[in-house]
Amino acid sequence: MTTYSIVYAPLDQATRTEQVVERLSNAIISGILQTDEQLPNENELSRLLGVSPVTVRDALNTLRARQLIDTRRGRYGGSFVCQVPVETMRKYHPLQLMASGELADFSEFHCAVIGHSARLAAQRSTPGELKKLGQLIDSFAAATQPDARIQADMRCLLTLASQAQSARLANQELEIQVEWAPLMVFLYREAAVHREVSAAWHSLLASLYKSDELACYQLAQKMITRITDHLLECKLRMDTDAPFLRGSDRE
């Protein structure tokens, strides 16, 4: 599972143009989709997202109007991600658009899903499954770039949910990641935060090996809560016009 499969995961039948715009805009602003990267063509986007070609066309028109993508003609033409100005990134960044209360509520929901997943995984995971999770955690800890960190972290979260052996929890975590991933790409530019979350994952893994259900539940929830605290701090910096840097890796 990669951030790309999250970006292009099917949308539900009630989706309208605005939701397609939000999905792709968040991916562009957060850096999941990089400058000059080509989007799938309209028919492929329609198939991937599970919406009509007309909906995709309208969404792409909106993204062009916001100067997030441009269209190139010719044999190698298509829709490509623009170099996004700092002010545009600030205006449309998902952290900027999400109210603090909404972010806190979203975090509570994520805490519930991951906490319960960790508790069940403590009961149901095999040593082989925990070894696989440990390898993913090591990959996350070793990642040096924000996009690699987010992909590794999302795989850890999905693997934990799958080891709960609950299809509903795994599917719910996948849905959460559609909104969670763009926020985390921004956060994982900070090396200190990455180190903190890496340590949290290793502590959680140790408790999973001990089959300590309560500790797993508490550690998983604490990890999501601390991440949310950092996201709220980032949002405060954005709201107060603090420097907005893309691609940095601050200590």
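How many aromatic pairs does the structure hold? Two, in this predicted model. A pair of aromatic rings is described by the distance of the centres and the angle of the planes, and here are those values:

| Pair | Centre to centre | Angle between planes | Kind |
|---|---|---|---|
| Phe106 and Trp180 | 5.7 Å | 70 degrees | edge-to-face |
| Phe140 and Tyr188 | 5.5 Å | 55 degrees | tilted |

Let's take Phe106 and Trp180 to begin with. Their planes sit 70 degrees apart, and the cut-off for edge-to-face is over 60, so that's the label this pair gets. Phe106 belongs to helix H7 (residues 100–124) and Trp180 to helix H10 (residues 167–187), so the contact ties together parts that are 74 residues apart in sequence.

Now for Phe140 and Tyr188. With 55 degrees between the ring planes, this pair counts as tilted. Phe140 comes from helix H8 (residues 127–142), while Tyr188 lies in the loop between H10 and helix H11 (191–209), so this pair ties together parts that are 48 residues apart in sequence. Phe140 is buried, with a relative accessible area of 0%, and Tyr188 also counts as buried, at 0%.

Which residue lies over the face of Phe80? That's Arg72, at 4.0 Å from the ring centre.

Notes
Residues numbered from 1 in each chain as written. Predicted model: local features only at pLDDT ≥ 70, side-chain atom pairs only at ≥ 80, totals over all residues. Heavy atoms only, no water. Phe/Tyr/Trp six-rings, centres within 6.5 Å; stacked < 30°, edge-to-face > 60°. Helix = DSSP H or I, 4+ residues; strand = E, 2+ residues; numbered from the N terminus. Buried < 20%, exposed > 50% of the residue type's maximum accessible area, 1.4 Å probe, protein only. Lys NZ or Arg CZ within 6 Å of the ring centre and 35° of its normal.
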